[in-house]
Amino acid sequence: MIASHNPGKVVEIEALIRPFGVEIVAASALGLDEPAETGATFEENAAIKAVAAAARSGLIALADDSGLAVDALAGDPGIYSARWAGPDKDFGRAMRLVEEQLQNENATTPVDRRARFVAVLCLATPDGRTRHWRGEVEGVIIWPPRGDQGFGYDPVFKPDGHDRTFGEMSASEKHGWRPPSDPLSHRARAFARFARDLEISG
């Protein structure tokens, strides 16, 4: 089970798992409630979601907790990345809030606008056992937003070594991975470590 109620995350994780022939179902498809994310780290929040889904469904559950950490904002929005979008999940609002905070900090040059996307996967079994995998990708915050691909903060994040934002890249560009090459996105990097650890092969 993919222990997520975020449609964008479910689509990305499905795309990463599908080539390996693993049958999956989303927590939302089974009508499971979304647990409160009360952890202080990505790892804790991923575990909260995975353990709850596994216990309620009796299935092995894979959860993701991820977010954007901006250096000039002391790592914010970080684990609160979704909350910055408000109850309506308006990431246009969230991106504007990041930019406003950066302007308040006088962070106007690329060196002052360093950021990273972080993703942590947690695999939980119905008996409560867990394992974690973390992926990160470094880059800078740009303004105004560019591109309509992906979701969340993708249009304002330009990864190091690239001229386009995640919002301007296709899913295959961001997440495509086959050993021995490494993927670009934080979620795909976490998944690559997960797959290697569990010796999943296509």
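The exercises below concern the fold, the surface and two residues of a predicted model.

Residues are numbered from 1 along each chain as its sequence is written, and side-chain values use heavy atoms, with hydrogens and water left out. Local features need pLDDT of at least 70 and side-chain atom pairs count only at pLDDT 80 or more, while totals for chains, interfaces and linings use all residues.

**Exercise 1. State which secondary structure elements the protein chain has and their order.**

Step 1. Take helices (H or I, at least four residues) and strands (E, at least two) as DSSP runs, numbered from the N terminus.
Step 2. The protein chain then has five helices and four strands.
Step 3. Along the sequence they follow the pattern α-α-β-α-β-β-β-α-α.

**Exercise 2. Compare the radius of gyration of the protein chain with that of a compact globule.**

Step 1. The radius is taken over C-alpha atoms, and the globule rule is 2.2 Å times the number of residues to the power 0.38.
Step 2. For 202 residues the rule gives a value near 17 Å; the protein chain has 17 Å, so the two agree.
Step 3. Along the principal axes, the C-alpha atoms fill a box of roughly 50 × 35 × 25 Å.

**Exercise 3. Describe burial and contacts over the protein chain.**

Step 1. Buried means under 20% relative accessible area, exposed over 50%, and partly exposed in between (1.4 Å probe, protein chains only).
Step 2. Of the 202 residues, 47% are buried.
Step 3. A contact requires heavy atoms within 4.5 Å. Among contacts with a separation of 6 or more, 54% join residues 24 or more positions apart.

**Exercise 4. Decide whether His5 is buried, exposed or partly exposed, and list its contacts.**

Step 1. His5 sits in the segment before α1 (7–17).
Step 2. Its relative accessibility is 27%, so His5 counts as partly exposed.
Step 3. Beyond residues up to four places away in sequence, His5 touches Ala27, Ser28, Leu32, Asp33 and Glu34.
Step 4. Leu59 is 54 residues from His5 along the chain, and their C-alpha atoms are separated by 16 Å.
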